[in-house]
Amino acid sequence: MSSNQTNTDVILIGAGVMSATLGTLLKELAPDWKIKVFEKLANAGQESSNEWNNAGTGHSALCELNYTPEKPDGSIDITKAINVNEKFQLSRQFWSYLVKSGQLHNPRDFIRPIPHMSFVEGETNTAFLKKRFHALSNHPLFQGMQFSDDPEQLKKWIPLIMDGRTSSEPIAATKIDSGTDVNFGALTRMLFDHLKQNNVEITYKTRVEKIKRTSDGLWKVTVQDIESGTIEDHKAKFVFIGAGGGSLSLLQKTGIPESKHIGGFPVSGLFMVCHNPEVAAQHHAKVYGKAKIGAPPMSVPHLDTRYIEGKQTLLFGPFAGFSPKFLKSGSHLDLISSINPNNILTMLAAGVKQRVLTKYLIQQVLLSNDQRMEALREFIPKAKSEDWDIVVAGQRVQVIKDTDAGGRGTLQFGTEVVRSADGSIAALLGASPGASTAVHVMLEVVQKCFPDQMNEWEPKIKEMIPSHGVSLAENPELFQEIHTSTAQTLGLDGSDSDK
Ligand SMILES: Cc1cc2nc3c(=O)[nH]c(=O)nc-3n(C[C@H](O)[C@H](O)[C@H](O)COP(=O)(O)OP(=O)(O)OC[C@H]3O[C@@H](n4cnc5c(N)ncnc54)[C@H](O)[C@@H]3O)c2cc1C
């Protein structure tokens, strides 16, 4: 065992899409800063950001019904939908900037256009979808959305879903062609390749074990080479904990007051993947249904055309489940070891409150393959078991904390940046809407952790992300301009579909 010590400006922990995005932003804003990355796996983008571990939806609320809840008076609340959509526009702009400036090549390798659709059955759900359509379709951010409850039209939009459908219940769908399928794994690896070429030191197969404040005001990050067992200490002025499900335990190790009273609840996932290319070729959309009662928002079933490893494929899911691991590559002890005297009451309160969710997750874990096929047949009535396999998706660790609104032990479904008061360390917790909002969340880290640099950095941020700080919902002309130009640059306007 040897002990080295180095000094650097920034340490990023974890090589997922969040660290990739923050590293790329900081490299643009402060090109001279020294950045180091430590990743415990052998490559970047192998945990939640990997293409097989998430659904690859460029979340912009075009099809996800949980972003448009029905209010008690029966009207549709579109506030959250606008918010999610605005955040995705920031990602589109940053990725376009990177493509235009030659830092990312071949956007088709990480983003493709795909219609986003919502599909419902039954009178109540059909009425809800129609109201949702009316609430959204006149809004500038959701232009181009179409609605139909005509089975003949639906057969044209979603032939695979309509084939063999015998129910006499009303059905309806909305469709918007400006949706996207994003390969976040490919994007992450492309961003890290670019960072590497720009002198960012990325060390794989190296696990961060400890994070400690030093007397000189820096952070000491202790890492272990997984193969050789060698331990090294690296000091940095700023540390970002972008370890996905591993972030909570590392945050707890920092001892900062902001890390107290926070817990994590892991939710695992499974997708069904179609290995029959003839079936996959009959579907061309991301089609989101409605969550079952008691189901968490992230387990809304959807049938997605995906582009993975250069091939068009078809995924259905996710089926939620329970595993005590915080990372797919984690340990069965992750949940239990995340409980400490600071958060035990928060965790116990959550345990009492979340009985419905726990019951739902246990039911999901116990589903047999036949039962999963039944769920799939609600989407594809003629689905055959021999065409479908199971793939294990990534782990999501939902944040549990005490809130004024929800009280002790409230389960959060969003992402959350936790940082020290002086901004010298920050961690990203939570999973939704996730990778799609990476640029928005990492800009929040930049703004909150580097307030003294913001005056100097603001013009560069505006150059990279022209709508930064501006509401696109309130500036429809700017939205149109940005949406059109990013579609062109990222190849989402159909102009390079044969490439
Ligand atoms: C089933 C599922 C479906 C999803 N669908 C979507 C979707 O459709 N659209 C969307 O936008 N988002 C989606 N998400 C969310 C999205 O995948 C995540 O928000 C995003 O990938 C998180 O990125 P990250 O960089 O924070 O974490 P990760 O990608 O998990 O990266 C964290 C990295 O840190 C490393 N690490 C952990 N601990 C240590 C340590 N101690 N030392 C060194 N390295 C460490 C890990 O090995 C990993 O590589 C989905 C997630 C899941 C699980």
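I began with F142: setting aside neighbours within four places in sequence, F142 is in contact with L62, L136, S137 and I176. Contact here means that the C-beta atoms, placed from the backbone, lie within 7 Å.

The model is predicted: local features need pLDDT of at least 70, side-chain atom pairs count only at pLDDT 80 or more, and totals for chains, interfaces and linings use all residues. Residues are numbered from 1 along each chain as its sequence is written.

I then located F142. It sits in the loop between helix 3 (123–137) and strand 5 (146–148). Helices (H or I, at least four residues) and strands (E, at least two) are DSSP runs, numbered from the N terminus. Is F142 buried or exposed? F142 is buried, with 23 other C-beta atoms within 10 Å. The cut-offs are 20 or more other C-beta atoms within 10 Å for buried, 12 or fewer for exposed, and partly exposed in between, with C-beta atoms placed from the backbone. I also checked F142 against M373: they are 231 residues apart in sequence and 33 Å apart in space, C-alpha to C-alpha.

Next, the whole chain. I noted 15 helices and 20 strands. Of the 499 residues, 48% count as buried. Among contacts between residues at least 6 apart in sequence, 75% join residues at least 24 apart. The C-alpha trace spans about 70 × 50 × 45 Å along its principal axes.

Then I looked up helix pairs. Two packed helices are described by the angle between their axes and the distance between the axes. Axes are lines fitted to C-alpha atoms, for helices over the stretch in contact, and angles run from 0 to 180 degrees between N-to-C directions.

The axes of helix 1 (residues 17–29) and helix 13 (residues 438–449) come within 9 Å and cross at roughly 55°. Helix 1 and helix 13 are therefore oblique to each other. Angles under 35 degrees count as roughly parallel, over 145 as roughly antiparallel, 65 to 115 as roughly perpendicular, and the rest as oblique. Helix 1 contributes V17, M18, T21, L22 and L25 to the contact, and helix 13 contributes A438, V439, V441, M442, V445 and V446.

The axes of helix 2 (residues 79–100) and helix 15 (residues 476–489) come within 9 Å and cross at roughly 45°. Helix 2 is thus oblique to helix 15. On the helix 2 side I found Q89, R92, Q93, S96, V99 and K100, which meet I482, S485, T486 and T489 in helix 15.

Definitions and conventions
Contact = placed C-beta atoms within 7 Å.
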